[in-house]
Structure formats: structure tokens, C-alpha cells
Amino acid sequence: MQKIKFNTKKILRWGLISVATIVVLAVVGFFGFRNMVLQKVIAKVQHKMEADYNSTFTVKEAKFSGLNGISVKGITLVPKGADTLLNIQELNTSVSLGKIIFGNVQLGTLTMKNGYVQIVKKDSLGWNFRAFLKSPKKDEDSSDTERDYADRAYNIINKALNLIPTDMVLQNLALRVDDMGRKVNLNLSTLKLADEQLESSITVVEDSLTQHWKVKGLADPRGHKCDLKFFNTDTTRIMVPYISQRYNLKSGFKAIQLKVDGIEMDGGELHVDGFAAIENFMVNHPRVAQKDVVIDNARFDYHILFGGDFIALDSTSTVQLNKLKVHPFAKYSVEEDTIYQLKVNIPKTAAQDFIVSLPRGLFTNFEGMEAEGSFSYRLDFLYNKNKPSALVFDSSLQKDGLKITKYGEADLGKLNGTFTYRAMEDGRAQRAVLVGPENPNYTSFDQIPEAMRAAVLTSEDPSFFNHRGFITEAFRQSIIKNIKTKKFARGASTISMQLVKNVFLTREKTLSRKLEEILLVYILENNRIASKQRMLEVYFNVIEWGPDVYGIGEASHYYFEKAPMSLTLDECIYLASIIPSPKKFNWKFDTAGDLKPYAVKHNKYIRDLMLRRGLITPEDTLGQNGQVAITGPGRSRIKIDYENLFAADSIDMDEFFFDLGKKVY
């Protein structure tokens, strides 16, 4: 027994000595040849830049210093035939040798001085970094199908954070942008990260504007945490550079705060938690609104999940806009089918808090509005890519004593009396149209033929007398159609929405106008400000029916030289058919002045639909074939081939000129 113990101890001792010897030799070998290895790594990078990106990568000097330090000088990256993309004069860093052994690169310290990244576009050939936009070549044998979203995201985040050193000093570095003469320079004078505290100073120069930015706060890349604030050194708003020149979009803010509380894997799911907040945010763009849109305070508390087959924003997340709180839920899943899901929940909220929380400049018609009571709102949307017709769109609003006590700029109550209407065309007010009995062309509800009302309702809004401003199913079908065609091919506008758009809003195609339209329609319909009959009567008297033609009274004379009550069924259906594009009505006619076959087919479809719904009787259709004869002033806009008409034997020349002089002129 003693002999066995002795041999075992001896073997262990010699084994440990052998391992120690190998480690010592490896360390000695590493230190002896590490600079050679470093040069080979640089040569490999140079070859990759040349082969994959047609760019020249050069390093004047690179060597190891100390135990794990690397010193590099004179780094440049120049795409062939383009301006220098990168130039760094001096870089010193340290790496974790233990991490490298296991295939990871983790920077410990970093100092970088005197350099720049330069982004240049001089002509239509594009930017000097365009070669780096192409996807890198993949090994044909490689496959990442077994890697799930959680694992993939965790690895990407870890690799990115490992490249952020725990101690860092950057000095005199710049980002220069030159987009065909549009120039912006961001000069980083200093950036320091030590003891998990980061602070930097950035000078931004664009044309005559110079700004001085600061970034300050907690930065702990190893602990997966940060709490950083981005602000101006003075009290002015930070203006976002470049996008104003490039996209005619002005944007700015007083401060932004970004906090990450944790990034953790738990039960095969990656959890990312934190919040982002912005103060005094401003945006100005012609497609958003006609003036600055300002949000005083906004905050987004997020809880993001990455699973094996899904990415989700958890419903515990909160978006706060001034006093308004919203709980969103969003999910993208590929477990069986590809599914997109969105839920929005606004808990019980005071109506006045909602009004005062609206972004200034985005809802000008609501400024000064006052309300009492409260409401809650829920939206449920689900789209299955493999089953588009099964799309779910459910929107519901619950009221509790909700009442408008004071209107803003848009006085919805004026619909109940006589008022002056001016259509807006390209930002210019058109001639005044008096909406009331004092106008000889004004047509009261009982003077609008039932066939005319039925034709317009059938074409524009069949359930007008039953809905409260919106048709959920129409929205659902509109979304399905637009997704299938991959463009905005179908809208879901009701007569209520068209009325509000015409009477209270401009025709500008902005986000502001559309959002105001939705809110005004809801208030109009759900507070019973005007009856449905009165709304339809005003609608018939203000909508455009041709070039400088407003209301059914003017339209019936412009096209047919008769009063609305004398219109035939075909004439009613024709007038209803041109409401979507009234100024293009002449496109429906051929050179003989007759409706083209497609227009006749459409009018017959509407007539048959009215018949099936019991809006008209079979007797009403007698003598109606879908054709109409434009006899009023509108005929002058139809491109008629008079030469061929004269050559036709069936035309009596004297009668033709007599009718033309009588009916057109």
C-alpha cells in the first residue's frame, strides 16, 4: 500500500511539473513571437479589406507593450478611388489574454488620440463607405438555423459590450460628413470612462451653427448597465444636425436620458430592461404639420424579451406622453406561422389630461379645448402572414361621463346653423360658399332626391346612419388590402370623416391633419353635436363636385342644367361616382361624349347593389342604362372629337349646333 501511494504521488508531482513546464514554454513562446503573430493578424485584415471591400488598410507601427498592452500608430482605411474613410494617429489598448484563449476579445483599457472618420459623397456613385454596405460572404457549409433569437441577441450584445473598455480616454477625434456640399463636423474633444463613470464633450459645427454637447453618467459594460444623459452645455435645445439639410426635417430636444437596468438570460429568454426619456422634443416637417410639433416630456419604460422563436415588447412596458400613459404590447413570432401582434391599452384617464398631453402644434384645432369625465381605450391587432384574411383589428373606447365643455379652434357646433365655407386648394382659400337657405344653390335634405342620397351612401358609406364615425370592418379590410398590395391601395374614410375634413380642416396631406380628423370625428359623432340627417345635408352642400363646383345644387346645374330634384337615377349614380376624383370627371368620357364602358359597368354595379339592398325599386330602373349626357357647362371639359361627329350620318348638323349653342354656351 505504501508503494502504491508513493507511485501515485510521484506521478502527480511529475504531471504537475510537466504541465507547469508546458505553460511556461507557451508563455515564453507567446511573448517571444507575439509581435510576429500581431503582424500576421494585421496582414490578414489588410487582405480581407482588399479582397472583400476593395479598400487599403495600413498600419505604420504595431507592437505589444507590457503584459497585455498593444500600441498601434498610423491607422488608415482608404476605399479605392474614394476619400479616406478612417485615420487614427495613435491607439493604445489592453486585452484579456484569458478571454482570447477561449475565442473572445475583451478590451480592458483604451486610449485613442488625433483621428477622424470621414463620410463623403461627391456624386451619384455614392458614399465612400458604399463597399462596406454589401453583405459579407458566407461559408456555404455554415448554418445558424439552430441558433434562436435569444441566443443570437445575447451573443451580439456580449461581443459589442466586450469591445467597450472599462477604462477609456479619447481625445481630438472627429466625425466629418460631406454630402455633396452639405457638411457637418462632430468634434470629440474628450471622452473619459473611469470607475464606471463616463463624461464627454462634443462640438458640432454645421454652417453657421455651433453647438456644444455633453454626455455624462454611469457606463458599466461588464455589468450590462448604463444611465447616460445627453444634453447641451447651455440651456438651448440641441438641434439634430444634417437631417435638416438632407430631408428638410428639423428636430431637436433639450435632453435625452437612456438607462439600461439589466440584460440577462433567464430560462432560455433574454430580458432587456430600462427606460428612455426625452425633454422638450421638437420636430418640424411639411408632412408632419405646418408648424413646430413639441412634446414637453416623454418616457418609455421598456421590457424587451427575446425567445427562441419570438421577439416581444412586454405589456408591462409603459409609454408616457406628458400626463398620458399607454401600455403597449408588440410581438413578432415564427413559432408556426409568421405572426405580427400589437396591443395598446390606455387605462382610465381624465379627458382633460388627455387634451393637455397632446403634442403642441400637432393638434391646433384642440388647443383651448376643455373636457370633463374620463375614458379608457384598447386596440388589438394581429396579422398572420400566411393567413392575411384572418387579420384581427379590434378597437374599443369606454367612456365615463365624457363631455366636451369648451371647443377649441374647430367649433363643431357651427354645423347646426348657417356658416361660410371656403375650400382649401394648395394652401389657398377658394371662393366663399354660404351653407344655408340664403344661398340659392343650397339644397335642403328633403330637396335631395332619395336616389341621390342612396347612390352616395352606397358608394361612400353604406352604414352612415348606423356607425359612430368609424367602421371597424372597413379599417380591417383596408389594412388587408394594403398589406397584400404592399401600398396604400384602399382607405376607410366615412362620410363623417369627409365632412370634418372639408369643413374644419385643410387638404394638406400631413400626419397632423389625419390625426385631427380622427379625433374630431369621434367628438362629433359620440357627443351627438349634430344629427345624422343634418350632417348628411351639410355634406351634400359643401363637397367638391368638379372644378370650382361645390354642393349638389351647383353640381346638378353644372352637369345637367336642372335642379337636384329633377335628376334621373343614372344621373344620381354618375354624380356619386365622381366624388372621389371630381376634377377628373372628364376621364370617364370618350371622344363622342359618352361614358366609357368601365364607367357604365361601375354605375350598373352600384345600381344593382342599390336594388338588392331595397334602396330603389325595379320600376326606378326602367329606362336607365348607365349612360348620361352632359348638357351643362361641364360638357366643355370633355374632349369630344367633333370632326368625327360631323362625319357621322346619324347626326343632324343643324340640330347639333343648335343644341350645342343652347346647352353648352
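How much space lies in the largest cavity? The legends below begin with the whole predicted model and return to this question in the last view.

**Figure 1. Overview of the protein chain in the predicted model.** The chain contains 15 helices and 24 strands. Of its 665 residues, 40% count as buried. Among contacts in the chain with a separation of 6 or more, 57% are made by residues 24 or more positions apart. The accessible surface amounts to about 37,100 Å², and carbon and sulfur atoms contribute 55% of this area.

**Figure 2. Close-up of strands β10 and β11.** Strand β10 covers residues 238–239, and strand β11 covers residues 250–253. The two strands run antiparallel and are joined by two bridges. In this pairing, Met-239 stands opposite Gly-252 of β11.

**Figure 3. Close-up of strands β11 and β13.** Strand β11 is also joined to strand β13, which spans residues 269–284. Three bridges connect β11 and β13, and these strands run antiparallel. Here Lys-250 stands opposite Asn-284, a residue of β13.

**Figure 4. Close-up of the largest cavity and its lining.** When the whole structure is searched, one cavity of 30 Å³ or more is found. In answer to the opening question, the space in the largest cavity is about 30 Å³. Its lining consists of Val-433, Asn-439, Asn-441, Tyr-442, Asn-541, Tyr-550 and Glu-554. By residue class, this lining comprises three nonpolar residues, three polar residues and one charged residue.

How values were computed:
Residues numbered from 1 in each chain as written. Predicted model: local features only at pLDDT ≥ 70, side-chain atom pairs only at ≥ 80, totals over all residues. Heavy atoms only, no water. Pairing = 2+ DSSP bridges. Helix = DSSP H or I, 4+ residues; strand = E, 2+ residues; numbered from the N terminus. Buried < 20%, exposed > 50% of the residue type's maximum accessible area, 1.4 Å probe, protein only. Contact = heavy atoms within 4.5 Å. Areas by Shrake-Rupley, 256 points an atom, 1.4 Å probe, with all protein chains shown as cover. 1 Å grid on protein atoms, 1.4 Å probe; cavity = no way out; pocket = protein on both sides within 12 Å on 5 of 7 lines; lining within 4 Å. Points joined across faces, edges and corners; volume = space filled by probe spheres on them. Nonpolar A, V, L, I, M, F, W, Y, C, P; charged D, E, K, R; others polar.
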